[in-house]
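I opened the model to go through its helices, its ring pairs and a few loop residues. My entries are kept in the order in which I looked things up.

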Amino acid sequence: MSVQTLPSATRLIRVQPSRRGRRSPAMRVVFGIPYAVLTTALAIMFLYPLIWTAVSSVAPRAGTSQPEGWGFGNYAALANYQAGIWVYLGNSTFVALLTVLLTLVVSTLGGYAFARFSFPGKNLLFLTVLAILMVPYTTLLIPLYVILNAVGLSNSLVGVAIVLTMFQLPFSMFMMRISFESVPRELDEAAMVDGATTFGALRRVLLPAVKPGLITVGMFAFLAAWNDFMAPLILITDTNRMTLPLAVSNLRVQVQGVIDYGATEAGVVVLALPCILLFLVLQRHYVRGFMSGAFKG
């Protein structure tokens, strides 16, 4: 029996890929040059103040602790100011880490509840939490000082951390809610079918899934607490309990109102280094955390 050829209607047809939307190498270069110029200009604009501050902190300048030659005289002046830089660094680190811990615990539990449970007034309560963002930050510091004084937490680093946590909760709760909502419900339901409790499913299944959101919330809480100036200024009266931003602010003004720019620039560099290093290490998770909830899988 002879082999018949396939009908023309059933023959495989090679379809040439469409060139629509594809750019030639010359076009990519033409469109890529403005993009490269713009991004380079933006990078220089944002990095120049940091680089200028770092260079100025070790450059010679009259009226500073480094009047001649290049060196670390300004950093020595910062290190020896009143109680010493290590005391102020320790205070800032304690406040920042406690703020991160409290923010993560409260926002994780709150975000999990808002994302997974239904209860009367849920949306109203969530809007109430978000409404804290509409209240000016500084207007609440004096009432909060009175409250902390009544409960024995005035002039306390723990009190400062609690206040900073309160102002971080609206954004953190929002981030954790959308992070949990981006995780399929089938995951924690399957864990509960296997015998896990509600908190067991949260700890073993959901927390690893929302890790980018947790890192984003933790980074924001750390940066806010590490760099905050107003809360320690109002709530702290003991010089040995000052945080580093407050100490740098007090250091910059010397006798007869003369500003020590060298020591101030050294303080800015010390303040910026932990933030820069933290962002460089966690930037991949930071970006993924902001993408949480954009697509639900």
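The notes below go from the overall make-up to single residues.

**Ground rules**

I am working with a predicted model, in which local features need pLDDT of at least 70 and side-chain atom pairs count only at pLDDT 80 or more, while totals for chains, interfaces and linings use all residues. Residues are numbered from 1 along each chain as its sequence is written, and side-chain values use heavy atoms, with hydrogens and water left out.

**Overall make-up**

I looked up the secondary structure and found twelve helices and zero strands. Helices and strands are DSSP runs numbered from the N terminus, a helix being H or I with at least four residues and a strand E with at least two. I then checked burial, where buried is under 20% relative accessible area, exposed is over 50% and partly exposed lies in between (1.4 Å probe, protein chains only). Of the 297 residues, 36% are buried. For contacts I used heavy atoms within 4.5 Å. Among contacts between residues at least 6 apart in sequence, 74% join residues at least 24 apart.

**Helix H6**

I took helix H6, residues 157–181, and compared its length with expectation. The expected span is 1.5 Å times one less than the number of residues.

Where does H6 bend? The bend is at leucine 169, about 45°, and proline 170 follows within four residues. I take the bend at a residue as the angle between axes fitted to the seven residues ending there and the seven starting there. H6 is mostly covered, with 19 of its 25 residues buried.

At the start of H6 I noted a side-chain oxygen of serine 156 within 3.2 Å of the backbone nitrogen of valine 158. A polar contact here is a pair of N or O atoms within 3.5 Å; within protein, one must be able to donate a hydrogen and the other to accept it, and residues adjacent in sequence count only if both atoms are side-chain atoms.

**Asparagine 155**

I went on to asparagine 155, in the loop between helix H5 (141–150) and H6. Asparagine 155 has a positive phi of about 55° although it is not a glycine. Is asparagine 155 buried or exposed? Asparagine 155 counts as buried because its relative accessibility is 17%. Its side chain reaches the backbone nitrogen of aspartate 238 at 3.1 Å. Leaving aside neighbours within four places in sequence, I list Leu235, Ile236, Thr237, Asp238 and Arg241 as the contacts of asparagine 155.

**Aromatic rings**

I counted rings of Phe, Tyr and Trp (its six-membered ring) as paired if their centres lie within 6.5 Å, with planes under 30 degrees apart called stacked, over 60 edge-to-face and the rest tilted. By this rule there are seven aromatic pairs. One of them joins tyrosine 112 and phenylalanine 117 edge-to-face, at 5.5 Å centre to centre and 80° between the planes. Tyrosine 112 is buried at 4% relative accessibility, whereas phenylalanine 117 is partly exposed at 36%. Another pair, phenylalanine 222 with tryptophan 226, is stacked, at 5.6 Å and 15°.

Both phenylalanine 222 and tryptophan 226 lie in helix H9 (residues 211–227), four residues apart, about one turn of the helix. An α-helix has 3.6 residues a turn, so residues three or four places apart point the same way. Phenylalanine 222 is buried at 13% relative accessibility, and tryptophan 226 is buried at 3%. Ring pairs also link Tyr112, Phe117 and Phe180 into a cluster.

**Other look-ups**

Leucine 223 is also in helix H9 and is partly exposed at 27% relative accessibility. Its C-alpha lies 6.7 Å from that of cysteine 275, 52 residues away in sequence.

Glutamine 66 sits in the loop between helix H1 (25–58) and helix H2 (73–79). Glutamine 66 is buried, with a relative accessible area of 9%.

Glutamine 82, in the loop between H2 and helix H3 (85–116), has a positive phi of about 50° although it is not a glycine.
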